[in-house]
Amino acid sequence: MASITAVNTATDGNRGGTGDALTITGSGFTAVGSTVRVNFAAASETIVVNGTVATATTVTTTVPTLTGAGVYRVSVTIPSTNSSSNSLTFYDIAAPVCDSLSVTTGIVTPTTPTNIIGTGFAGASATDVSFGTSNPGTTGFSVTGDTLITCIPPTGGTFVTATETVDVTVTNLGGTSPVTSNAQFTYYNPPAPTAANPATSAAVDLPRSVDVTGNFLGEASGVEFFLTGTTTGGTPGTDLVPIGDGEILITAPALAAGTYWIAVTTPGGTNVEAGSATLTVT
């Protein structure tokens, strides 16, 4: 008759979830390479899967999909004799679920925390949370109970479009949360206005419409004109009209003679002076 002494996943002892490799240690398992039945029994169900006698003292199998997280008793049945071993406790841990994020967009290097709301978060660390393929840092990271993680999203990758959306997932002993459109974060590239038309205007002709072209301008929310070499005291334009990702129309305000660099603000932030479009007022 078979007898078992331990039930272990690869790293977490007698705890795990669906899909985890499980090793059962004991004796009396019959010939190496033969198939046995592994029973996962709870008060309301018993689920039976095949196991393989890997060595004289071990049976290997995979944790099946169980009805609900909780305590199961695991035993081994030898088909040739229909005899079953003693049973040992196994804790089935449910995979996390991410329901929503409080902040879903940000710049490429985010500074604003977001709350991840869901279940199965207790005990999570920063390395258990993924934004695409990256993990948030430990600064500003916290877990509140089983349902809330607060973190600053990690720096986004390099992308050539205006935005890049990544899936946000959480992993625990029971597995990784399912991907859902409710748990996604969108990174915005910073705006890059590179040319203005006209690029020169007489002061007496202002205010006037200026066509600004470049990249990542489509969700522009504001435009300011700064004297070159300055970052304060800018004068906002009016009547902003985004035309597409590469073009906006703005009414330049009345300005004194000088050269002004054009600062555009989008969800990706505000561009810097270097490489920016300029308007020279004569």
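# Close-up views of a predicted model

F185 has a relative accessibility of 1%, so this residue counts as buried. Here, buried means under 20% relative accessible area, exposed means over 50%, and partly exposed lies in between, calculated with a 1.4 Å probe on protein chains only. The model is predicted: local features need pLDDT of at least 70, side-chain atom pairs count only at pLDDT 80 or more, and totals for chains, interfaces and linings use all residues. Residues are numbered from 1 along each chain as its sequence is written, and side-chain values use heavy atoms, with hydrogens and water left out.

**View A. Ring pairs link F131, F185 and Y187 into a cluster.** A search of the whole structure finds four aromatic pairs. Rings of Phe, Tyr and Trp (its six-membered ring) pair if their centres lie within 6.5 Å; planes under 30 degrees apart are stacked, over 60 edge-to-face, and the rest tilted. F131 and F185 form an edge-to-face pair, with 5.9 Å from centre to centre and 80° between the planes. F131 belongs to strand β13 (residues 129-131) and F185 to strand β18 (residues 184-188), so their pair ties together parts that are 54 residues apart in sequence. Strands (E, at least two residues) and helices (H or I, at least four) are DSSP runs numbered from the N terminus. Both F131 and F185 are buried. F185 also pairs with Y187: the ring centres are 5.0 Å apart and the planes meet at 75°, so this pair is edge-to-face. Y187 is buried too, with a relative accessible area of 2%.

**View B. I24 and F40 touch the most other members of the largest nonpolar core, which has 20 residues.** A nonpolar core is a set of buried Ala, Val, Leu, Ile, Met, Phe, Trp, Tyr and Cys residues joined through side-chain atoms within 4.5 Å. Which strands each supply at least two residues of this core? They are β1 (3-9), β3 (21-27), β4 (35-41), β5 (46-55) and β7 (70-78). β7 gives the most to this core, with four residues. Setting aside neighbours within four places in sequence, I24 has contacts (heavy atoms within 4.5 Å) that include I4, A6, F29, V38 and V76. A second, separate core has 19 residues, among them V108, F121, F131 and A183. As general background, nonpolar side chains tend to be buried together in soluble globular proteins.

**View C. An open sheet runs in the order β10-β12-β15-β14, with antiparallel pairing of its four strands.** Two strands pair if DSSP finds at least two bridges between them. At the edges stand β10 (97-101) and β14 (142-144); each has a single partner strand, so one side of each is left without a neighbour in the sheet. Neighbouring strands are turned by 25° against each other on average, direction ignored. The axes behind such angles are lines fitted to C-alpha atoms, for helices over the stretch in contact, and angles run from 0 to 180 degrees between N-to-C directions. β10 and strand β12 (residues 114-119) are antiparallel and share four bridges, and L101 stands opposite I116 in β12.

**View D. T150 sits in strand β15 (residues 148-151).** Is T150 buried or exposed? Its relative accessibility is 17%, so T150 counts as buried. The side chains of T150 and N115 are joined by a polar contact of 2.7 Å. Such a contact is a pair of N or O atoms within 3.5 Å; within protein, one must be able to donate a hydrogen and the other to accept it, and residues adjacent in sequence count only if both atoms are side-chain atoms.

**View E. A second open sheet of four strands has the order β19-β21-β25-β24, again with antiparallel pairing.** β19 (192-197) and β24 (238-244) are the edge strands, each with a single partner, so one side of each is left without a neighbour in the sheet. The twist averages 25° from one strand to the next. Strand β21 (residues 208-215) and strand β25 (residues 247-252) pair over six bridges, with R208 opposite A252 in β25.

**View F. Some backbone angles deserve a second look.** Most residues other than glycine have a negative phi, and most peptide bonds are trans. The bond from N197 to P198 is cis, with omega near 5°, and so is the bond from L206 to P207, with omega near 0°. N82, not a glycine, has a positive phi of about 55° and is exposed, with a relative accessible area of 55%. D239, in strand β24, also has a positive phi, near 55°.
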